[in-house]
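Hi there,

Here is the complex I promised to pass on. Please have a look at it when you get a moment; my notes follow below.

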Amino acid sequence: MDRFRRRWLAAFLCVAFLVVCASRARAQENYFVTYTHHMEEPGDLEIATKSVTGFPQQGNSFLGNATELEYGVKTWWTTELYLDGQSTFGENTLFTGWRLENRFRPLLQEHWINPVLYFEFEDINAADKSLLEVVGHDGVADFLEPSDRSEKKREAELRLILSSNFKGWNVAENVIAEKNLAGEPWEFGYALAASRPLSLLATGNNCRFCRENFSLGAELYGGLGDRYSFGFSHTSHYLAPSAAFHLPSGPTFTFSPAVGLNHNSHGMLLRFGVSYEIDQIASRFRRNR
Amino acid sequence: MRGRTPILAMWLALSATLLFAAIGDGAWMQRVPERDRLRPNPFADNFNAVSGGEKLFHQNCAQCHGSDASGRDKHPPLRSDRVRAATPGELYWLLTNGSMRNGMPSWSKLPEQQRWQIVSYLKTLN
């Protein structure tokens with residue numbers, strides 16, 4: 001059995017294990033790029049994987065992946081570690097770096113619009129293809145050259161997250177600013193999203209395929225240039241319908257085909273993710289001792 | 001300096017007692033606006049809403065408050081005089097806003113109808 005098959009088998013076994021050994025809590029991730037004001041519950045650990053695959057016409061197809069460990073430190077503070085990797089067909093499979101992020105919710109009650117402050121440090125290389133955000137003049141041209149991990153990118157990313165819940169809908173807006181700490185200018189981007197469960201009422205029976213377990217929505221995201229060339233010129237933008245399936249007492253599956261909106265964008269990106277929440281992980285360790 | 005140590009210890013003990021008393025005394029109730037306090041539960045006496053609320057409770061609340069709602073670790077029991085005395089509107093407000101300083105998160109990620117279903121279930125426990 002070759003290495004590729006072994007990896008897929010391992011991934012399948014992991015998902016199967018999560019489904020079989022389901023915990024009580026469930027993850028609530030609906031989007032790939034946009035963040036909402038919903039924080040991780042304190043003491044809970046969410047393990048998620050977000051993958052994106054693209055098919056550039058003049059380059060090699062790729063599969064980017066970010067594995068995410070998200071922990072609720074406080075009700076108003078969530079911290080996350082990402083481990084990124086990518087595989088480009090005909091080239092190589094690489095670990096491309098890590099990201100550490102923290103989200104803080106300054107207002108401790110629910111409001112019409114709920115702000116969250118987001119701080120991230122990234123230590124990745126130029127071969128990274130996880131596309132967790134689109135900023136500056138990012139575009140399909142970045143994916144046409146062979147993967148190069150010699151160029152390090154140590155970057156700081158700031159986001160202002162604004163999010164609201166209204167009549168079952170979640171609407172979220174992110175303003176993104178990112179800076180390569182090697183002296184590059186600030187780059188900007190945006191992400192907008194809305195989603196809604198198919199049913200707002202919970203049924204009494206433990207059904208897997210009830211309408212309440214499905215959410216549909218859409219994301220719109222793209223770059224806004226940099227400090228010296230702010231605007232839409234030479235930027236890329238995507239419109240991405242999204243669907244999420246919250247398996248009761250188990251993982252959440254998300255899928256989002258993104259359509260590029262201009263010639264700088266990828267024609268199509270397919271995103272898919274699995275997330276799983278382990279409730280009160282610290283308490284479990286304490287009880288087991 | 002040594003003479004101040006017992007005073008400092010007493011001050012810390014008193015502060016801690018008052019703090020825990022404030023948390024345990026349901027200080028969040030004081031912050032509920034009057035119009036929210038008086039909101040009626042649209043699913044009162046609806047059996048289907050209660051069974052849905054029970055399912056939601058086990059999916060979202062039981063990991064902290066226990067599957068029988070009797071509390072777990074530092075998380076308070078929900079079979080209590082305080083929950084019994086609280087109006088549906090007060091419980092709904094708590095689910096929506098949380099009591100974030102005390103570790104209770106906001107459950108606004110659940111649709112409004114589902115939060116009322118949980119309130120319906122909590123009322124049947126008491």
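Predicted model: local features only at pLDDT ≥ 70, side-chain atom pairs only at ≥ 80, totals over all residues.

**Confidence, then the interface**

Helix H1 (residues 4-24) of chain B has the lowest confidence in that chain, with a mean of 54, while H6(B) has the highest, at 96. Chain B as a whole averages a pLDDT of 84, and 80% of its residues score at least 70. For the complex, the predictor reports an ipTM of 0.83 and a pTM of 0.86.

Now to where the chains meet. Chain B puts 31 residues in contact with 33 residues of chain A. About 2,700 Å² is buried between the two chains, with carbon and sulfur atoms giving 51% of that area. On the chain B side, B:Lys55, B:Met100 and B:Lys109 lose the most area to chain A, and together they make up 27% of what that side buries.

B:Lys55 also turns up in a salt bridge with A:Glu212, at 2.6 Å from N to O. The count between the chains is two salt bridges, and there are 11 residue pairs in polar contact, both at pLDDT 80 or more.

Which helix of chain B gives the largest share of the side that touches chain A? That is H3(B), with seven residues. Helices H3 (47-60), H4 (62-65), H6 (88-97) and H7 (112-125) of chain B each supply at least two residues to that side. By type, its residues divide into 15 polar, 10 nonpolar and six charged.

Best wishes

Notes: Residues numbered from 1 in each chain as written. Chains lettered and ligands numbered in written order. Heavy atoms only, no water. Contact = heavy atoms within 4.5 Å. Buried area = accessible area lost by both parts, 1.4 Å probe. Salt bridge = Lys/Arg side-chain N within 4 Å of Asp/Glu carboxyl O. Polar contact = N/O pair within 3.5 Å; in protein donor to acceptor, adjacent residues only side chain to side chain. Helix = DSSP H or I, 4+ residues; strand = E, 2+ residues; numbered from the N terminus. Nonpolar A, V, L, I, M, F, W, Y, C, P; charged D, E, K, R; others polar. pLDDT = per-residue confidence, 0-100.
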